[in-house]
Amino acid sequence: QVQLVESGGGLVQPGGSLTLSCVASGSIFSFNAMGWYRQAPGKERELVARITSGGTTNYADSVKGLFTISRDSAKNTVYLQMNNLKPEDTAVYYCNAESHTWYAGVSLLWGQGTLVTVSP
């Protein structure tokens, strides 16, 4: 089965930077889109950044200009570069893959998550 594995989380000071990686067990172009979501305790999982197989990107308003999603197709890897991190960015970050079909709508695949903690 196809799997997504996140890494790169950890503790970072406010204003610092961190890069997350998501490695897929197959080609990332087998999916319509790849993305990063995050979830804090007691809150709903929210979209952070998303990139389609064609390269179109979308970002949450709160991270525009601060976070960058990118990909390395040769490594089947999607990255999230996070700059100027704030305590409000503390969450478990999940990698996501989307498959869109006319008969089943959107099928989602999730990684296990990686924890990002922003604190002095």
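Modeller: Start with a definition: two strands pair if DSSP finds at least two bridges between them. Strands themselves are DSSP runs of E, at least two residues, numbered from the N terminus. This is a predicted model, where local features need pLDDT of at least 70, side-chain atom pairs count only at pLDDT 80 or more, and totals for chains, interfaces and linings use all residues. Residues are numbered from 1 along each chain as its sequence is written, and side-chain values use heavy atoms, with hydrogens and water left out.

Biologist: How do you know that β1 and β3 pair?

Modeller: Four bridges join β1 to β3, residues 18–24. The cut-off is at least two bridges, so the two strands count as paired. They run antiparallel. Serine 7 stands opposite serine 21 in β3.

Biologist: What makes β1 and β7 edge strands?

Modeller: Look at the order of the open sheet: β1-β3-β8-β7, with antiparallel pairing. β1 (4–7) and β7 (67–72) each have a single partner strand, so one side of each is left without a neighbour in the sheet.

Biologist: How do you know that β2 pairs with β11?

Modeller: Strand β2, residues 10–12, meets β11 over three bridges, in the parallel sense. Glycine 10 has valine 116 as its bridge partner. β9 also pairs with β11 over three bridges, but in the antiparallel sense. There, alanine 91 stands opposite valine 116.

Biologist: Which residues lie on the covered face of β11, and which on the uncovered one?

Modeller: Thr114, Val116 and Val118 make the covered face, while Leu115 and Thr117 make the uncovered one. In a regular strand the side chains alternate between the two faces of the sheet.

Biologist: Why is leucine 108 called partly exposed?

Modeller: Buried means under 20% relative accessible area, exposed means over 50%, and partly exposed lies in between (1.4 Å probe, protein chains only). Leucine 108 has 45%, so the label is partly exposed. Leucine 108 sits in strand β10, residues 105–110.
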